[in-house]
Amino acid sequence: MRNSTCLLQPSLATTVALPVIYSCLFPAGSFGNVLAAWIFSRQALTKRTQYIYLANLVTANLLICSTMPFLAAYFARGYQWTYDSAACGIANHLGTLIMHVSMYVTIIILCSIAVSQYATLKKNSDAQYSQAVNENFYRHVLAKFHQPKFAKYLCIIIWLTVLCITIIAIIHNVQARAKEEFHRCYNIRVEAGEFASMIAAFLGTSCFFVSFMTVVLSYYSLTRHLNKIQKNTCIGEKHLIYSTVKRNIFVIQMILTVCFLPYHIFRPIFYVLLTNNDCPRLNYLVEIKNFLTCLAAAKSSLDPVITLLLDKTFKKSLYGLFTKATPPEH
């Protein structure tokens, strides 16, 4: 059992650096994602399936951005708040709920986008070169990821599943903490959570690695597929399309690797080492966890920049907006 009486002592890195980082990410992420939502909404009729995924991704990004002011306040003042204060409750319960729900929705939707792009490319190129087994797999599994109806229901299921798991974990945590007395909001039980949090963390970590490996396998399979058809034929004009899809999947893989992988590697280590009652070590572990969470949250603010680099339609729409050009007809 971890030492629930251990008094966390936040360092300047927590009380200064994290509030500053979140305060900078909030306006940049909010503006960028609102702008992205408006631009993507104009493409809804021409790229319906892609729009569904992107609309849900932008929604998750905006929700994460909405928690940043509360997180900034929590890390700046949480060690002075009383545990039963309204500010503590909002930051811990509402903030935690929105942050983790949106984070895992983002991860799964990024995976779905990668699979959708891979499926679209396979649809256009498998007619001549695929074997019967691959064609059946495409028809019954992959093909659904670029169908608008499937994308819509998939996103609904993702939101509801992640929301239910997170709410159940938070309810169990609140009930467990009600039996104990805490003087400060920033404490080891809040930062580590109860048993229900560990179960939710295990499910979340498993979900991440399944999504991560799916994207890696999609990229690997796509690379092999392109090498195969390039040996058999000259793909000519389609080469740019293939390269674009390959690049997009690679970028999704890099996002998962840079922003989310460190957090999910450290998370099980965090819970294992919490069994040690060394207070300085617990402080150190909590601060690492909070900075890795911040790294994951930063992805939501960087998404519009990544989209600007990858999506020509987004780039043209953004250029037309600021140059007051006539919007393209749809």
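Predicted model: local features only at pLDDT ≥ 70, side-chain atom pairs only at ≥ 80, totals over all residues.
Me: What share of the contacts joins residues at least 24 apart?
Reply: That share is 85%, counted among contacts between residues at least 6 apart in sequence.

Me: On to the core. Which residues have the most contacts inside the largest nonpolar core?
Reply: They are Tyr-22, Leu-256 and Phe-260, in a core of 84 residues. At least two residues of this core come from each of α1 (12-41), α2 (48-77), α3, α5, α6, α7 (195-232), α8 (239-273) and α9 (279-310).

Me: Which helix gives the most to this core?
Reply: Helix α3 does, with 19 residues.

Me: What is Phe-260 in contact with, leaving aside its neighbours within four places in sequence?
Reply: Phe-260 is in contact with Met-103, Thr-106, Ile-107, Leu-110, Phe-208, Ile-255, Ala-296 and Lys-299.

Me: Lys-299 is in that list. Which residue does Lys-299 form a salt bridge with?
Reply: Its partner is Asp-303, and the closest N and O atoms are 2.7 Å apart. Both residues lie in helix α9, four residues apart, which is about one turn of the helix.

Me: Is Lys-299 buried or exposed?
Reply: Lys-299 has a relative accessibility of 1%, so it counts as buried. Asp-303 is buried as well, with a relative accessible area of 6%.

Me: How many salt bridges does the structure hold?
Reply: There are two. Besides the pair in α9, Glu-191 forms a salt bridge with Lys-289, where the closest N and O atoms are 3.1 Å apart. This pair links distant parts of the chain, since Glu-191 is in helix α6 and Lys-289 in helix α9, 98 residues apart. Glu-191 and Lys-289 are both buried.

Me: Cysteines next. Which residues does the disulfide join?
Reply: The count comes to one disulfide, and it joins Cys-88 to Cys-185 with an S to S distance of 2.1 Å. Cys-88 lies in helix α3 (residues 86-129) and Cys-185 in the loop between α5 (148-177) and α6 (188-192), so the pair ties together parts that are 97 residues apart in sequence.

Me: Why is the disulfide right-handed?
Reply: The disulfide is right-handed because the torsion about the S-S bond of Cys-88 and Cys-185 is about 85°. Both cysteines are buried.

Me: What about Cys-24, buried or exposed?
Reply: Cys-24 counts as exposed, because its relative accessibility is 51% and the cut-off for exposed is over 50%. Cys-259, at 8% relative accessibility, counts as buried.

Me: Last topic, the surface. Which residues make the nonpolar surface patch?
Reply: The patch is made by Ile-165, Phe-195, Ile-199, Phe-202 and Leu-203, and covers about 510 Å².

Me: Where does the largest share of the patch come from?
Reply: Four residues, the largest share, come from α7. Ile-165 sits in helix α5, and with a relative accessible area of 33% this residue is partly exposed.

Notes. Residues numbered from 1 in each chain as written. Heavy atoms only, no water. Contact = heavy atoms within 4.5 Å. Disulfide = S-S within 2.5 Å. Buried < 20%, exposed > 50% of the residue type's maximum accessible area, 1.4 Å probe, protein only. Core = buried A, V, L, I, M, F, W, Y, C linked by side-chain atoms within 4.5 Å. Patch = residues over 30% accessible without salt bridge, like charges linked within 9 Å, V, L, I, M, F, W, Y side chains within 5 Å. Areas by Shrake-Rupley, 256 points an atom, 1.4 Å probe, with all protein chains shown as cover. Salt bridge = Lys/Arg side-chain N within 4 Å of Asp/Glu carboxyl O.
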